[in-house]
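Please follow the explanation below with the sequence and the structure at hand. It moves from the backbone to the packing of helices and then to the ligand.

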Amino acid sequence: MVERAFNFSPGPAVLPYEVLEQASRDVVNFQGLGMGLIEVSHRSKPFIAVMDEAEALLRELMGIPENYKVLFLQGGASSQFFMVPMNLLGPGKKATYLNTGTWSKKAIKEAKLFGEVDVAYSSEDSKFVRVPAQNEYTVSADSEYLYLVSNNTIYGTAFPEFPVVDTMLISDMSSDILSRQFDVSRFGLIFAGAQKNLGPAGVTVVVIREDLLDRAPATTPTMLNYKTHAEKGSMFNTPPCFAVYVVGLVLKWLKKIGGVPAIEKINREKAAMLYAKIDESGYYRGHAEPASRSLMNVTFNLATPELEAKFIAEATAIGLNGLKGHRSVGGCRASIYNAFPIEGVVKLVEFMRQFELANPA
Ligand SMILES: *Cc1c(COP(=O)(O)O)cnc(C)c1O
């Protein structure tokens, strides 16, 4: 095995080493065909099997009910910001959004192009340090859906529980899909760009309840209509073959280690170690309010930007990579997705302890 850095990058992000090794072999020669995985037709039997297996594993691991379609789309998670309202809203139709960070803000901007948007809650004034409890907003009865970002990648906050409302939920789960258990049937639509917790960049997974496929206005462009992709098994046009294939390998790995219940337990352990270090020290200041803390992205500050720069530089020098916070928050961010090994968290906590001793505030 090559020497591996501990990769805290927010995305694209760390993948299981065995997945990388398998992919590197299959890119050259897939299943002994004498052709690489990225050279075979997407209509060929071996590749159709890749698509089918990826979908079957996702259904099994997430517990996706029969009346939902799984789509593998392109255009990034960002294209879902407009595809959702393009397909589900229209003049005179309303949707409710919870504004908990950069990604919800972008989604709200797009939704306004298609219908009426009610922003029922925003934590923008407090630098997005929290997500709302359910009694902090109301969803009007005529809303088509309630939209939320389950995990706010940049600010390090997450919904500890999903709202229990009569309105259908729609969620951007790009940075925490498959990190914890939840009931898919409470959602009309879930989407996730793969490059955080699922695989490489290039594919966006969409899970959509079947009855929603008929809501798009007749003017919806073919490629932007969910129904097109649902009817063709995500093969209306050439799918992002390589990305879907790697997602399949990641799902196989996840199943092998015990699926979502097993990884959730590890994710909680990893996050708890870092938050415990932050809470005990006073030297490190967590960005997120404790009740809104993310299991995937741990955001924190030191006393000054200079100290933060020194912390990040020294961490990088000992193989702790990608700890620089997003430019809109500053400070540090440790992204500890499913594939991030617990040993890396242990090493970071130890480094935090030493750095504090060596650099008294
Ligand atoms: C990264 C991210 C996005 C944007 O993903 P792209 O695939 O780059 O468009 C959207 N939502 C969340 C929650 C993210 O973390």
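The loop between strand 1 (6–7) and helix 1 (17–28) contains Pro-12. In this predicted model, the peptide bond that joins Gly-11 to Pro-12 is cis, with an omega of about -10 degrees. Although Phe-128 is not a glycine, its phi is positive, at about 55 degrees.

For helix 2 (residues 45–62) and helix 6 (residues 241–256), the angle is about 45 degrees and the axes are 9 Å apart. The crossing in which helix 2 passes helix 6 is left-handed.

Helix 3 packs against helix 4 (residues 102–111) with an angle of about 40 degrees between them, and their axes lie 8 Å apart. Because of this angle, helix 3 is likewise oblique to helix 4. The crossing of helix 3 and helix 4, however, is right-handed.

Which helix gives the most to the shell around the ligand? That is helix 3 (residues 76–88), which contributes 4 residues. The shell as a whole has 13 residues, and those that come nearest to the ligand are Ser-78, Thr-153, Asp-172, Gln-195 and Lys-196. By residue class, the shell is made up of 7 polar, 4 nonpolar and 2 charged residues.

Ser-78 places a polar side-chain atom 2.6 Å from an oxygen atom of the ligand. Gln-195 also has a polar side-chain atom facing a ligand oxygen atom, here at 2.9 Å. Ala-77 contributes through its backbone instead: one of its N or O atoms lies 3.0 Å from an oxygen atom of the ligand. How much of the ligand's accessible area does the protein cover? On its own the ligand has 390 Å² of accessible area, and the protein covers 86% of it.

Technical notes: Residues numbered from 1 in each chain as written. Predicted model: local features only at pLDDT ≥ 70, side-chain atom pairs only at ≥ 80, totals over all residues. Heavy atoms only, no water. Near = heavy atom within 4 Å. Polar contact = N/O pair within 3.5 Å; in protein donor to acceptor, adjacent residues only side chain to side chain. Areas by Shrake-Rupley, 256 points an atom, 1.4 Å probe, with all protein chains shown as cover. Helix = DSSP H or I, 4+ residues; strand = E, 2+ residues; numbered from the N terminus. Nonpolar A, V, L, I, M, F, W, Y, C, P; charged D, E, K, R; others polar. Axes fitted to C-alpha atoms, helices over the stretch in contact; angles between N-to-C directions. Left-handed = near helix turned anticlockwise from the far one by under 90°. Parallel < 35°, antiparallel > 145°, perpendicular 65-115°, else oblique.
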